[in-house]
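Welcome! Please take a moment with the sequence and the 3D view before reading on.

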Amino acid sequence: MAVEVSLASLTKSSISQYNHGLKLWWDFCVGNKFDPFILNFNNILSFLSDLFNRGFSYSNLNTVRSALSLILSPEVGSDARIKRFFRGVFKLRPSSPKYKHTWDPTIVLSHLSTYYPNQDLSLEQLTRKLVTLLILITAHRVQTLSLIRVKNIILNEDKIQIRIPDRIKTSGPKSFQPILEIPFFHEKPALCVASTLQHYLGRTETLRTPMISNLFITFRKPHKTASTQSISRWIKSTLAECGIDTKIFTAHSTRHAATSMAARKGVSLDVIRNTAGWSASSRVFAQFYNRPVLEEQSVANAILGLL
């Protein structure tokens, strides 16, 4: 029972990551004839050094350390020798932001504004428009969008509220579950996320079986709950359609683009943190997300801009 309760503290993605690290640990121990369930810091350091020499990053090694702490002892994370090893890893192979720059959201918004009126769009176009707009204005992860359930969507006069009771990556004992607030944007109906959401709900109502409670469903038959992988693929294909280099930028880059643009427009850091689901003390935005927009200007572009 204690094991089940302990495992409940982990998300599915964490368990998946831990499984990989623990398999490597098992293979290492079997190959060297060590007992994988006995706490031996020399063996752990030897194992981590082997992974480092194979090119593992600081982040990857830290995940492995967490996995070992789970099955061996919390001392794996607090031991002075392990700590010193990780300080060395950080100096030799420091973590760095995934992107040195980001893309301009106005490019995507301009393209999506042509996806209008909503009633003339195919289900695929409507779905891709909604997921991309929603992830841009909320600055949340794809995981959050995949957990939206129809019953948790609350329609108000001036906005739509979406409650996310399911556990997400930023969930914790001292953190609140997110409530996404989607205001009606009457000034630009082509980009109004709230009305696009309303239209999507109406379009998909008859396509849902009683077993489907999530908002997003696949747009090809048989219609079923859309996975995080499907939603990521839809966003990425929309970015590519807008001319964003998807060899560099993934669906998750929307989080960088949206929060960086908000900061440039003067939105306070507290509001950005609250919207994106970061804690008040979090340095994640400043360290990893606040990226300048990549601007490429050529003579041809400058001349054509005069027209």
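This briefing goes through confidence, a helix pair, a sheet and some local details.

The structure is a predicted model. The mean pLDDT of the protein chain is 81, and 78% of its residues reach 70 or more. The points below are grouped by topic, so that you can follow each one in the viewer.

- Where pLDDT is low, the predicted coordinates should not be read in detail.

**A pair of helices: H3 and H6**

- Helix H3 covers residues 41-53 and helix H6 covers residues 80-92; their axes come within 10 Å and cross at roughly 10°.
- H3 and H6 are therefore roughly parallel to each other.
- Which residues of H3 take part in the contact with H6? On the H3 side they are Phe41, Asn42, Ile44, Leu45, Leu48, Ser49 and Phe52.
- These H3 residues meet Arg81, Ile82, Phe85, Phe86, Val89 and Leu92 in H6.
- Sorted by kind, the residues of the contact of H3 with H6 come to 10 nonpolar, two polar and one charged.

**The sheet: E1, E2 and E3**

- Three strands form an open sheet in the order E1-E2-E3, and their pairing is antiparallel.
- Strand E1 (153-155) and strand E3 (179-183) stand at the edges with a single partner strand each, so one side of each is left without a neighbour in the sheet.
- From one strand to the next, the twist averages 20°.
- E1 and E2 run antiparallel and are joined by three bridges. A hairpin of three residues links E1 to E2, and leucine 155 stands opposite isoleucine 160 in E2.
- How many bridges join E2 to E3? Strand E2 (residues 159-163) is joined to E3 by five bridges, and E2 and E3 run antiparallel. Arginine 163 has isoleucine 179 in E3 as its bridge partner.
- Helix H10 (residues 193-204) lies across E1, E2 and E3, and runs at about 65° to E2.

**Salt bridges**

- Side chains of opposite charge can pair when their charged atoms come close.
- The structure holds seven salt bridges. In one of them, the side chains of lysine 23 and aspartate 27 meet, with 3.2 Å from N to O.
- Where do lysine 23 and aspartate 27 lie? Both are in helix H2 (residues 12-32), four residues apart, which is about one turn of the helix.

**Backbone details to look for**

- Most residues other than glycine have a negative phi, and most peptide bonds are trans.
- Lysine 33 has a phi near 60°, a positive value in a residue other than glycine. Lysine 33 is found in the loop between H2 and H3.
- Tyrosine 116 and proline 117 are joined by a cis peptide bond, with omega about 0°. Proline 117 lies in the loop between helix H7 (105-112) and helix H8 (123-138).
- A cis peptide bond also runs from lysine 221 to proline 222, where omega is near -5°. Proline 222 sits in the loop between H10 and helix H11 (228-241).

Methods. Residues are numbered from 1 along each chain as its sequence is written. This is a predicted model: local features need pLDDT of at least 70, side-chain atom pairs count only at pLDDT 80 or more; totals for chains, interfaces and linings use all residues. Side-chain values use heavy atoms; hydrogens and water are left out. Axes are lines fitted to C-alpha atoms, for helices over the stretch in contact, and angles run from 0 to 180 degrees between N-to-C directions. Helices (H or I, at least four residues) and strands (E, at least two) are DSSP runs, numbered from the N terminus. Angles under 35 degrees count as roughly parallel, over 145 as roughly antiparallel, 65 to 115 as roughly perpendicular and the rest as oblique. Contact means heavy atoms within 4.5 Å. Ala, Val, Leu, Ile, Met, Phe, Trp, Tyr, Cys and Pro count as nonpolar, Asp, Glu, Lys and Arg as charged, and the others, Gly among them, as polar. Two strands pair if DSSP finds at least two bridges between them. pLDDT is the predictor's confidence in each residue, from 0 to 100. A salt bridge is a side-chain nitrogen of Lys or Arg within 4 Å of a carboxyl oxygen of Asp or Glu.
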